[in-house]
Amino acid sequence: MPIVNQIIEIPTQEGINIHNITPQIQDCIASTSIKNGQALIFSRHTTTALAINENEERLLEDIKVFLRKLAPESDRYLHNDLHLRVVPEDEPMNAHSHLMAMMLSTSEVIPIVDGKLALGTWQSVLFFELDGPRQRTVFVQISGE
């Protein structure tokens with residue numbers, strides 16, 4: 001069974017932003033000979049996440065509000081005591097971003113059927129930037145026949 005590994009690069013904006021990466025994943029699949037199998041999608045950062053949900057503008061805004069309520073940036077976090085840690089000079093105070101990421105997921109596995117992701121009508125693969133702006137990467141592993 002062939003296995004193909006690819007990387008998707010995502011430039012992100014400041015704060016929380018959500019990117020529909022379904023087309024890039026589908027492009028990864030199309031670049032292989034695999035027609036049936038699965039795609040493992042893995043976020044490679046501790047302040048980013050993945051989810052499968054509807055890519056609808058107002059819902060995405062609702063999700064951002066929900067995440068900010070879950071882990072407000074203004075709350076007190078031990079991780080943000082940068083003077084008590086060995087950190088790079090440009091280390092951000094981002095404990096809230098780590099906590100938000102924990103409430104989502106770092107990976108998704110999606111079936112591939114006839115060369116396409118077997119997502120439902122309204123489903124999209126969403127990449128969450130929780131601590132931007134940064135250049136991010138998502139690992140895609142496609143396996144099957």
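Helices (H or I, at least four residues) and strands (E, at least two) are DSSP runs, numbered from the N terminus. The model is predicted: local features need pLDDT of at least 70, side-chain atom pairs count only at pLDDT 80 or more, and totals for chains, interfaces and linings use all residues. Residues are numbered from 1 along each chain as its sequence is written, and side-chain values use heavy atoms, with hydrogens and water left out.

**View 1. The nonpolar patch draws on helix 2 and helix 3.** Each of these two helices supplies at least two residues of the patch. Helix 3 gives the most, with three residues. The members are Phe66, Leu70, Leu99, Met102 and Met103. Together they have about 520 Å² of accessible area (Shrake-Rupley method, 1.4 Å probe; for residues, only the protein chains shown count as cover). Patches are made of residues with over 30% relative accessible area and no salt bridge; like charges are joined within 9 Å, nonpolar side chains (Val, Leu, Ile, Met, Phe, Trp, Tyr) within 5 Å. A salt bridge is a side-chain nitrogen of Lys or Arg within 4 Å of a carboxyl oxygen of Asp or Glu.

**View 2. Methionine 103 sits in helix 3**. Its relative accessible area is 51%, so methionine 103 counts as exposed. The classes are buried (under 20% relative accessible area), exposed (over 50%) and partly exposed (in between), with a 1.4 Å probe and protein chains only.

**View 3. Helix 3 also has buried residues**. Within residues 95-103, these are Ala95, His96, Ser97, Met100 and Ala101. Their cover includes strand 2 (15-20), strand 4 (48-53), helix 2 (57-70) and strand 7 (124-132).

**View 4. Strand 7 pairs with strand 2 and with strand 4**. Two strands pair if DSSP finds at least two bridges between them. Strand 2 joins strand 7 through five bridges, antiparallel. Here asparagine 17 has glutamate 129 as its bridge partner. Strand 4 pairs with strand 7 over six bridges, again in the antiparallel sense. Alanine 51 stands opposite leucine 126. Strand 7 is mostly covered, with nine of its nine residues buried.

**View 5. Lysine 35 lies in a loop between helix 1 (22-30) and strand 3 (37-43)**. With a relative accessible area of 47%, lysine 35 is partly exposed. Leaving aside residues up to four places away in sequence, lysine 35 touches Ile112, Val113, Asp114, Gly115 and Glu145. Contact means heavy atoms within 4.5 Å. Lysine 35 and lysine 116 are 81 residues apart in sequence, but 7.4 Å apart in space, C-alpha to C-alpha.
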